[in-house]
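Please read them alongside the sequence and the coordinates.

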Amino acid sequence: MQTRLTTSSIFRDWQTLLLLLAFFGIRIVSFYLAPHAILQAIIVFTMIFILGLTFFKNPDYAWMIVLGELLLGGAGHFFEFFGLSIRTILILVFLFLWIVYSLSNRDKTLFKIHIPHNLYYVLIPLAVFLFISATLGIFNGHKVHHVVQDLIPFSFFALLLPAFHLFREEKMQHYFVRLIIVFLIGSAVFSLFTFGLFTTETVEIHGEFYKWFRDVAMGKITFVTDFFYRIVTPEHILIPPLMLIGYALLMRDEKHNKMWRFMFLCGALVLALNFSRAYLIGFVAGLIVLKYKHKMKRWLTVSLWSLIMIILVFISVNIVSSMGSSLGLEIAGLRIGSMVLPETEISTNTRTALLTPIFAMVKQHPILGSGIGATLSYVNPYTYMQINTRHFDWGYLEMIVELGIVGSLILLSIIGLLVYELTKKIRSISDFHDLYIGLLGGIAALLVINITAPALYHVLGIFYFAFVMAFVSKPVDLFDNVVTTLYRVFNKIKNE
């Protein structure tokens, strides 16, 4: 039996097209329904009803609905049920059904509430400490809904259960890979579309679209120059890890489908328009990790190509938007220079102003923290007004403020164990270790990004960790199936 590649790639598959249409359809419908809470509630209720029916008919399809919302639904607030996001409701309902069915069903072959691996058991101390932290938060006067909002992302670690048990069939693996590819393409097109709206002055700052983007998509649009706006959304946190996984696979010295590089250009476009220093530095840190087990020449070739592409994409965007009058180098110079001289940029100077009150909060409760749901008060260095915010803009410091030294060490220990298990698997494989190394590079990127952004306890950051845990917990021979799936999805394989 021989295996050959056909020309019918993922981009000609009906499922990919439908997912891409869903990605943009969700945003269009959300924009027009933003003022209509009742209609949003009807949509959420309908999705809950569909999820429940689907779960009892076929849990695989219910899991596909949850995954679809995670990767197509942005920050998860496009539709809400009277203040509760559709993402939170769908996942909590799915997990509730999973636990109830696992406890009541005599057939324990599928529904299980445990995983025979150390990565499962180390989550128990974290759960206990989060209960303590939530109690401390309420005791210290934190608003209850703030405590609940901070607690919800950690509940996403429970996705480890379905991720471990439901990735059995090839169709599920294909669907998941297609979701990731649609996420990359959709994110790039949506960022470019938003960028175009503002640079062409089709919409304005504080206009209707801006308010929807800020309040519903939970994004940020920042004016930099007359021809460049930073386009930032919460889901961009997944872009560096996903790009690094792809680059790790590219470091395998063999012929690759050209569409792989197209996917990475989509990621590069998102990073260029996002233009976050933390994301870019995290990406570079991940590239350094990808050297592990790879030949120097191949690693240098792929790494330099990736960095050059990001730079070229950024320059190209600036050339087009400025009609050839700027390469964007002055923007890059300002962003880099502000790391040395914070007062030269508003965002950097404001972030620096947060340090004094943050350190004061750390000194108050250094061991156990002040509890989750904390609020920070500081004086804006430009308006001199007292501002209360829940955005600390310093990831590790926010961890220590809320979780204290003890809680922060528990969370970092879980990630440390995950890194150890990953490297142990990499060492145990004689060949085809690229995917595991890519996952490791993604963790490195998130650890660096967490310096200024809450990557380690962000909903999608925890989603990434939960899936890496599920993948690492599986037997080594699963790797062959996953890699084969990746190539089948990109360029269908037929057996003859």
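In which crossing does helix 9 pass helix 10? Point 2 takes this up.

1. Basis and overall content. This is a predicted model, in which local features need pLDDT of at least 70 and side-chain atom pairs count only at pLDDT 80 or more, while totals for chains, interfaces and linings use all residues. Residues are numbered from 1 along each chain as its sequence is written, and side-chain values use heavy atoms, with hydrogens and water left out. The protein has 21 helices and eight strands; these are DSSP runs numbered from the N terminus, with helices being H or I of at least four residues and strands E of at least two. Taking contacts between residues at least 6 apart in sequence, 75% join residues at least 24 apart; a contact means heavy atoms within 4.5 Å.

2. Helix 9 and helix 10. Helix 9 (residues 170–199) passes helix 10 (residues 208–215) in a left-handed crossing, meaning that the near helix is turned anticlockwise from the far one by less than a right angle (clockwise would be right-handed). The two pack at an angle of about 145 degrees, with axes 11 Å apart; axes are lines fitted to C-alpha atoms over the stretch in contact, and angles run from 0 to 180 degrees between N-to-C directions. From helix 9, F190, T194, L197 and F198 meet F209, Y210, W212 and F213 of helix 10. These contact residues divide into seven nonpolar, one polar and no charged (nonpolar: Ala, Val, Leu, Ile, Met, Phe, Trp, Tyr, Cys and Pro; charged: Asp, Glu, Lys and Arg; polar: the others, Gly among them).

3. F213. This residue lies in helix 10 and has a relative accessible area of 1%, so F213 is buried. Beyond its neighbours within four places in sequence, F213 is in contact with F190, T194, M218, G219, K220, I221, I231, V232 and T233. F213 and V232 are 19 residues apart in sequence and 9.7 Å apart in space, C-alpha to C-alpha.

4. Strand 4 and strand 5. Strand 4 (residues 220–225) pairs with strand 5 in the antiparallel sense over five bridges; pairing requires at least two bridges found by DSSP. The two strands form a hairpin with two residues between them, and K220 stands opposite V232. In strand 5 (residues 228–232), five of five residues are buried. In a regular strand the side chains alternate between the two faces of the sheet. Both faces of strand 5 are covered, with F228, R230 and V232 buried on one side and Y229 and I231 on the other.

5. Helix 18 and helix 19. Helix 18 (residues 395–428) and helix 19 (residues 434–449) pack at an angle of about 165 degrees, their axes 11 Å apart. They are therefore roughly antiparallel (over 145 degrees; under 35 is roughly parallel, 65 to 115 roughly perpendicular and the rest oblique). Helix 18 also passes helix 19 in a left-handed crossing. The contact includes I415, L418 and L422 from helix 18 and I437, L440 and I443 from helix 19. Its residues divide into twelve nonpolar, one polar and one charged.

6. S370. This residue is in the loop between helix 17 (355–364) and strand 6 (376–379). S370 is buried, with a relative accessible area of 6%. Leaving aside neighbours within four places in sequence, S370 is in contact with L136, G137, N140, H142, H365, V401 and E402.

How values were computed: Buried < 20%, exposed > 50% of the residue type's maximum accessible area, 1.4 Å probe, protein only.
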